[in-house]
Amino acid sequence: MRKPMIAGNWKMNKTPAETKALIEDLKKLGNKNGADVVVCPMTVSLAAAAEALKGSEIHLGAQNVHFADHGAYTGECNAASLKELGVEYVIIGHSERRQYFGETDETVNQRVLAALAAGLKPIVCVGEVLNERQQGITNEIVCKQTKVALLNVGEQIENVIVAYEPVWAIGTGLTATPDQANETIAAIRGAIRDVFGDAADRVRILYGGSMNAKNAHDLMAQPEIDGGLIGGASLSAEKFDGVINF
Ligand code: PEP
């Protein structure tokens, strides 16, 4: 049995003070499904989040990490610094990073390896754009993204989480149907099995894309879907509660 995971991607929202306030509200919520709950604030809000999360079972994640240990990479952040702040998880290869900041499958792989080397658990995002789904090449696209992202991961595969996020469903209010998400996630798990064998059964694969209190239960009822990566619906305790307690 894979433990469910519900991770909130707060994107470029919530100042340090707002982050602290939201975490104080989240700490009051129940967790009836025993999910690993993760919050991923902006980099500048991570220290405030780590402080606010002390003594809580909510886990801390970052939204990106650079692949180099240190050096001339203005504006970037290394894995050691995240680790030192108490970060456990890091989102890598989100479609917004790919779209606006030139991330490729190869740089995603480099970031995954750097995160794992530092003891961080990557949440690796893959997903097709609308045109690719319409052409019927979704599985091909996401399986390639997955295999390249996980090159040379080796035995650390069990510390990796994959998030299937159809790009056309992110922030649009459009959601993949539970069947569509389940089928694509099964294909991703198959790609992981090709490379890592039965360890694929222990890798958690999340769905992300306009998941909210209304659709979370049906998505989570699918056998291949192990959790959710939540954007908009993680920005208030009330909305996030509806997903955490799906
Ligand atoms: C995301 O950004 O990872 C995401 C799934 O966003 P939203 O839930 O807002 O679609």
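Among contacts (heavy atoms within 4.5 Å) between residues at least 6 apart in sequence, 71% join residues at least 24 apart. The structure is a predicted model, in which local features need pLDDT of at least 70, side-chain atom pairs count only at pLDDT 80 or more, and totals for chains, interfaces and linings use all residues. Residues are numbered from 1 along each chain as its sequence is written, and side-chain values use heavy atoms, with hydrogens and water left out.

The secondary structure comprises 10 helices and eight strands, taken as DSSP runs numbered from the N terminus (helices H or I, at least four residues; strands E, at least two). The radius of gyration, taken over C-alpha atoms, is 17 Å, close to the 18 Å that the globule rule gives for 246 residues, so the protein is as compact as a globular protein of that length. The globule rule is 2.2 Å times the number of residues to the power 0.38. Of the 246 residues, 53% are buried, that is, under 20% relative accessible area with a 1.4 Å probe, protein chains only.

Eight strands close into a barrel in the order S1-S2-S3-S4-S5-S6-S7-S8, with parallel pairing; two strands pair if DSSP finds at least two bridges between them. From one strand to the next, the twist averages 25°. Angles run from 0 to 180 degrees between N-to-C directions, and axes are lines fitted to C-alpha atoms, for helices over the stretch in contact. Strand S1 (residues 5-9) pairs with strand S8 (residues 227-230) in the parallel sense over four bridges, and Ala-7 stands opposite Leu-229 in S8. Helix H7 (residues 138-149) packs on the sheet, where H7 touches strands S5 (121-126) and S6 (161-164). The direction of H7 makes about 155° with that of S5.

How values were computed
Buried means under 20% relative accessible area, exposed over 50%, partly exposed in between (1.4 Å probe, protein chains only).
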